[in-house]
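User: I am new to reading protein models and would like to work through one slowly. Could you take my questions in turn and spell out each term as it comes up?

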Amino acid sequence: MTDSYLMTHYAHGGGCACKIPPGELESAVAGLVGFTDPNVIVGLDDGDDASAVRIDNDRAVISTADFFTPVVNDAYTWGKIAAVNAMSDVYAMGGVPLTALNLLGWPRDVLPGELMREVLHGGLDAATEAGITVTGGHSIDSPEPIYGMAVTGLAATNSLMRNDAAEAGLPLTLTKPIGVGILNNRHKATGDNFPEAVELMTTLNREASAAAVERGIRAATDVTGFGLLGHLHKMARASGVSARIDAAAVPTLEAAVESLKAGFVSGGSRRNLDWVRPHLRAEGIDEETLLLLADAQTSGGLLVVGEIPGYPVIGETTAGDAGVITIS
């Protein structure tokens, strides 16, 4: 019976919380500059969600890859979450996914092939929901189970949403509640299930992206492994602006608040806060609130510089020191 295997027990981390910390990653890629193609509109410079390469005057190809270790115990659900998360990078750029390739690492001597098939089935169903075809992929025998996708999309060059295009004086909109990282950490430790977290992680950012593009929004990112604070800091720094967040306005899963008080915080979330703390102005804000705002999300929502009807405004961009975030 494949349901007897608890997927999160076969990996040291889980979901986007297992990402290399942002500070370490930036140090590793600093100065690594190769051939510069004049058609590259968005590349490595500002840590955008995906690359954008011009193919004609009106269109750009969006390319991204994303994968991680199990975030939930159910193999099918993990596959679906990983695929939705990978496609989110295209939506965050204002693009539409066209096709995807599977990226799979599997401990063949530990986990059965039937379980691998369930993971791939989950990814396939997510791609089908997005209206795209999985056209192939690559797999290796690995010590831990790893799954994700390389996704190719298309965007209008005049509708790209990017990290360095935020302007001061605009509202900040968040399209999904935060807290799934905390609940995933509790799920891994206790086996407790949180359907509300799974629903968020398996929901495509398609509608939110389309609404942002329709309103002419030019700056956005998706909130994943670096947490709300980390991704906002990167976007504000790249754009030369600062930001203000109203902590009480940030939509949060109620169970995450309770689980945080019980101590279920991933190492990734703590590293996120350590990295961004020097750029925070958070007088009077307690540590639990900061950890929640830094929580490493998996398949989180879009953080949009602009207002989208139906989604909560959580703050605004401001003029000031680039990358500084004031929390009230």
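Predicted model: local features only at pLDDT ≥ 70, side-chain atom pairs only at ≥ 80, totals over all residues.

Analyst: Residues are numbered from 1 along each chain as its sequence is written, and side-chain values use heavy atoms, with hydrogens and water left out.

User: What area is buried between domain 1 and domain 2?
Analyst: The size of an interface is often given as the accessible area lost when the parts come together. Buried area is here the accessible area (1.4 Å probe) that two parts lose on being put together, summed over both. Carbon and sulfur atoms give 57% of the area buried between domain 1 and domain 2, and that area is about 2,800 Å².

User: How many residue pairs are in polar contact between domain 1 and domain 2?
Analyst: A polar contact is a pair of N or O atoms within 3.5 Å, where, within protein, one must be able to donate a hydrogen and the other to accept it, and residues adjacent in sequence count only if both atoms are side-chain atoms. A salt bridge, by contrast, is a side-chain nitrogen of Lys or Arg within 4 Å of a carboxyl oxygen of Asp or Glu, and between domain 1 and domain 2 the count of salt bridges is 0. For residue pairs in polar contact, both at pLDDT 80 or more, the count between the two domains is 8.

User: Which helix gives the most to the side of domain 1 that touches domain 2?
Analyst: Helices (H or I, at least four residues) and strands (E, at least two) are DSSP runs, numbered from the N terminus. On the side of domain 1 that touches domain 2, at least two residues each are supplied by helix H1 (22-29), helix H2 (75-92) and helix H3 (113-130). With 10 residues, the helix that gives the most to this side is H2.

User: What joins the side chains of Lys80 and Glu129?
Analyst: Side chains of opposite charge can pair when their charged atoms come close. Lys80 lies in helix H2 and Glu129 in helix H3, 49 residues apart, so that the pair links distant parts of the chain. Their side chains meet at 3.9 Å, N to O, in a salt bridge.

User: Is Thr64 buried or exposed?
Analyst: Thr64 sits in strand S3, which covers residues 59-68, and its side chain is joined to that of Asp89 by a polar contact of 2.8 Å. Leaving aside neighbours within four places in sequence, the residues in contact with Thr64 (heavy atoms within 4.5 Å) include Asp49, Ala86, Val90 and Met149. Buried means under 20% relative accessible area, exposed over 50% and partly exposed in between (1.4 Å probe, protein chains only). Because its relative accessible area is 11%, Thr64 counts as buried.

User: Which helices do the buried residues of H4 pack against?
Analyst: Helix H4 spans residues 180-190, and its buried residues are Val180, Gly181, Ile182, Leu183, Asn184 and His187. These buried residues of H4 pack against helix H5 (195-201), helix H8 (254-261) and helix H10 (287-293).

User: What separates the C-alpha atoms of Gly179 and Ala256?
Analyst: Gly179 is placed in the loop between strand S7 (171-174) and H4, and with a relative accessible area of 0% it is buried. Among the residues in contact with Gly179, apart from neighbours within four places in sequence, are Leu253, Ala256 and Leu292. Although Gly179 and Ala256 are 77 residues apart along the chain, the separation of their C-alpha atoms is 5.1 Å.

User: What phi does Ser299 have?
Analyst: Most residues other than glycine have a negative phi, and most peptide bonds are trans. Ser299 is in the loop between H10 and strand S11 (302-305), and at 2% relative accessibility it counts as buried. Although Ser299 is not a glycine, its phi is positive, at about 50°.
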